[in-house]
Amino acid sequence: MLRLLKKTLLTGIVTEKIKAPTNDELEQLGIEIKRHIDKKFSGSIAIREVDAGSCNGCELEIHALNNPFYDIERFGIHLVASPRHADVLLVTGPVSRHMQTALLRTYEATPNPKWVVAAGDCAACGGEFGISYASCGAVSNVIPVDVVIPGCPPTPLALMKGLLGLMKN
Amino acid sequence: MNSTTANWQTAFFNQLVLKGCVVERISIASAMLWQIESRDWQLFAEQGLEEQLRWVAGWAEHNQSQFLVNACFEKQGLYLWLRTIITAEKPELPSQATVYPAASRSERHTRDMFGIEFIGHPDDRRWTRHKAWSENSYPLRKDFPVQGTPDHITPPDMDYPFVKSHGTGVYEIPVGPVHAGIIEPGHFRFQAVGELILNLEERLGYVHKGIEKIAEGRVPVSLARLAGRISGDTTVGHAWAACMAMEQAAGISIPPRAAFLRGILAERERVANHLGDMGAICNDVAFIFAQMQFTRIRELWLRTNAQLFGHRLLMDRIIPGGVACDLTDTGCALIRQDIVRLRNELADILMAVDLNSTLEDRLYTAGYLAPELAAAYGAVGYVGRASGQRFDVRKDAPYAPYDQISFKVAVEAQGDIASRFWVRNKEINSALKLIEKFIDLLPPGDIMTAWREPLAGSESLAAVEGWRGEIVSYVRFEADNKIARFYSRDPSIINWPALEKLVLDNIVPDFPVCNKSLNGSYSGNDL
């Protein structure tokens, strides 16, 4: 236990700060996100992530949003376990035909008002997989999309920027 | 791949002939292909099992009026590539799944995609096919259009005949395809009594994206991009396997510097994923300290990737003929510094992890995969190596740059989640040493060999050790530098069935950590 506390203390807070001399734009982005979230969602937003056919690359970067450097929860953005708890669906991948109904049902299970963010090149336009017998291509071919975050995969910073785009709508 | 015919292959060949099996040996690219009559397909498997061959992969190919059915086996680092040819009028042959359980899903996949019947298969249910195409159409036949004829909305696969159980107190838990975490989609059907898991059945195929079909007609650069997206966490591994197969088929060899850079990229990918997994295993038993520490050091590692190679996950760094990025002396120095820092961090964190009794409680003895079972399923990578299966392509069938250095492969026989955790740690240590050696030995020179268009019909089979384990890629070219057939066997295809076994007699709440300790790729499995 002492070792654990020691490591925690010695690690300190690595979360990237405002006015960091490295001019990291992360914090600024986060603050802007918070301002927009405040307006529409009283300070918090719940996101349900849905992999509709991704290669798992986007998931790795979405995971990274919760690491101590980005710590997205400090801006009131929570990734939640059920669409019933969600304000926003964050959808990755081209929508595989085998996931089409599951995505539609997840969308229906999300209470109104709701927003959809399509994250990654595949979700944006079908990416490397496009439309085929097995893939519906872009997320917008299946459910209405409010914001698109390009990138293969989008970096955690790009993901934050994309959420900002959602708030400005 | 090693093309020398070792003693066991000669003896095995003679034994097959003795059993009345008609075998023809054909040398293709760098591998040796054994072609047999379709009636002997199962006989070969029976003999192979007796010879203790490991079943590696199975795939087919449609060629006008016939189907080429392939299987790959391995023993002592030597691969044996088996083929039979059957007519399109009567596409059937005896099943190998009756002998090798590992072949079961592969044969179901081939049946769904080609309409080839494997006679005597112990499980005649569909596998890859849900409802996106009809029962009597087969996407990988050449006359099936890539666009298919899908419904406007593909219905869910509601009537899949799951195994049923009856009896007092037995109940079912359906999970997925949409899971509660940020993970890939798949369905798990549990039968449980109280909290105890009686049976688990996996139903995958939800992220089937038609990769094999859309690979056809691509040029090498484009196939490498696609292969790099078979499983996003294994982008280096799959791109390397696909490029190696294409390079062998085209008869080109990559510059030594490119081989070493590929080695550095592959080991960096291994470290990044193991760090993520070790954190996630701890997270699944609610030990958040470790999750935060591991994700922190993983992030630092990925930032170095972005700084030196231009991509956090190293996508599209491996291209046909070599690599897309070089490493400067300052870059090498930075990597060295990084490794020193990572070792120090890991020493701190692992000390705290090792001494934690709650982790010990949850990870030791849970999710036990017996070595015999791991051998029967041919488990690969850290799943196999935590259950006594020593095989590692880098060591046993070495390719450049692994053929030029010595290193240790970590093996444990304990077979539980803790073992799969600590094997990952050992693999990180070995990967860090490998990266240092690669930097020491990094030869000067080009990082690319000019591409040479292969002859129509050229084919090859390649194997590399991805971070999850052995990846096997098959490529055949047609005219104009285009791909006629591509198949890639992700290690997950082999390891997924082991999960169904290792969760038995565990409690349902331990399923997430059992699953994470194996961490199969859904996308790599579904293709």
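1. Chain B of this predicted model is split into two domains: domain 1 covers 7-119 and domain 2 covers 211-526. The centres of domain 1 of chain B and domain 2 of chain B, taken over C-alpha atoms, lie 27 Å apart. To their contact, domain 1 of chain B contributes 24 residues and domain 2 of chain B contributes 25 residues.

2. The size of an interface is often expressed as the accessible area lost when the parts come together. Here, domain 1 of chain B and domain 2 of chain B bury about 2,100 Å² between them. Carbon and sulfur atoms account for 58% of that area.

3. Four salt bridges are found across the interface of domain 1 of chain B and domain 2 of chain B. A salt bridge also joins Arg83(B) to Glu459(B), with 2.7 Å between the closest N and O atoms. As for polar contacts, nine residue pairs are counted between the two domains of chain B, both residues of each pair being at pLDDT 80 or more.

4. On the side of domain 1 of chain B that touches domain 2 of chain B, the elements giving two or more residues are strands E3 (54-63), E4 (66-75) and E5 (78-87), together with helix H3 (103-114). E3(B) gives the most to this side, with eight residues.

5. Sorted by class, the side of domain 1 of chain B that touches domain 2 of chain B consists of 14 nonpolar, five polar and five charged residues.

Technical notes:
Residues numbered from 1 in each chain as written. Chains lettered and ligands numbered in written order. Predicted model: local features only at pLDDT ≥ 70, side-chain atom pairs only at ≥ 80, totals over all residues. Heavy atoms only, no water. Domains from an automatic or database assignment. Contact = heavy atoms within 4.5 Å. Buried area = accessible area lost by both parts, 1.4 Å probe. Salt bridge = Lys/Arg side-chain N within 4 Å of Asp/Glu carboxyl O. Polar contact = N/O pair within 3.5 Å; in protein donor to acceptor, adjacent residues only side chain to side chain. Helix = DSSP H or I, 4+ residues; strand = E, 2+ residues; numbered from the N terminus. Nonpolar A, V, L, I, M, F, W, Y, C, P; charged D, E, K, R; others polar.
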